[in-house]
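Okay, everyone, let's have a look at today's protein together.

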Amino acid sequence: MRSDALVTSLATSSVFEANRARGAVRFDVHARDRVTRRGALHESGSLRVRFPSPEDDGLSGVFVNTAGGVAGGDRFEIEISATDSTRLTLTTAAAEKVYRAPGAAAQLNISLKVGAGAHLGWLPQETILFDRARVHRRFDIELDEAASLLLCEIVVFGRTAMGERMEHGEFVDRWRLSRGGRLVFAETVRLDGDIGAKLARPAVAKGAAAIGTALIVPGDEALVERLREASDSFAGEVGISAWNGFAMARFCAQDAARLRADMMSVLARTGAALPRLWLN
């Protein structure tokens, strides 16, 4: 016979699983009379997307997670298709918080497709990982050879302004980028176990609590030189390079505010218009 402790444990696990957040957003956009319009939209669970008033000929979208954050076992799916000649910019209503996970890791899966002559800007606000958070994130990006992309992500390991640090947990970040049907970038970052000690290593983050990436397609050495013109203003460490037809900037800073300022300095030299929520 099962012990009372085992029965209680199984019941607790069942309740925990039943209360995990699920959310999905799927939509496409189309160009009509040279203006980007939303097509079919599917929303489920706690994930929503809202579209403020159109700006010029493009369209802006804002993701809202009504669950109030991400916890262990949660699962969120985003699928977006920007068809030929469209312009779409996406952000989040606030920084996303990933909380402590006693069991399974949270799953965040993002699929982006961008057609010929289309531009997609993926510019969410920061993802903040609390101590003992566990999250697996996956980006699958398919670009037409004539498409353009600006994808920026900031990850913060603890709210340093409140004296918090992420010491233990798991963060797995998988990115795959294809252009014209050819894989041009593949990377998987994995930080687990004693994350605080790993971030303290000089070759990893030298004690920094925030990291970021800006992926710019197309990108070449001329763009790299232009982005490096902002180097005198950087508060953290920034590395910028180009290969395979795209440019990438890597950021590392002591806190999210410094990293965001560095990223905004770089993005200003791409000519990109930042979401209004970034400027508040």
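So, Phe-139: buried or exposed? Its relative accessibility is 0%, and buried means under 20%, so Phe-139 counts as buried. Keep in mind that this is a predicted model.

Next, the rings. There are nine aromatic pairs in the count. One of them is Trp-122 with Phe-139, and that pair is edge-to-face, with 6.0 Å from centre to centre and 90° between the planes. Where do the two sit in the chain? Trp-122 belongs to strand β9 and Phe-139 to strand β11, 17 residues apart, so the pair links distant parts of the chain. Trp-122 is at 5% relative accessibility, so this one counts as buried too.

Here's another pair: Phe-157 and Phe-171. Their ring centres are 6.1 Å apart and the planes meet at 80°, which is why we call the pair edge-to-face. Phe-157 is in strand β12 and Phe-171 in strand β13, so the pair ties together parts 14 residues apart in sequence. Both Phe-157 and Phe-171 are buried.

Now zoom out. The protein chain has five helices and 17 strands, and 45% of its 280 residues count as buried.

Note on methods. Residues are numbered from 1 along each chain as its sequence is written. This is a predicted model: local features need pLDDT of at least 70, side-chain atom pairs count only at pLDDT 80 or more; totals for chains, interfaces and linings use all residues. Side-chain values use heavy atoms; hydrogens and water are left out. Helices (H or I, at least four residues) and strands (E, at least two) are DSSP runs, numbered from the N terminus. Buried means under 20% relative accessible area, exposed over 50%, partly exposed in between (1.4 Å probe, protein chains only). Rings of Phe, Tyr and Trp (its six-membered ring) pair if their centres lie within 6.5 Å; planes under 30 degrees apart count as stacked, over 60 as edge-to-face and the rest as tilted.
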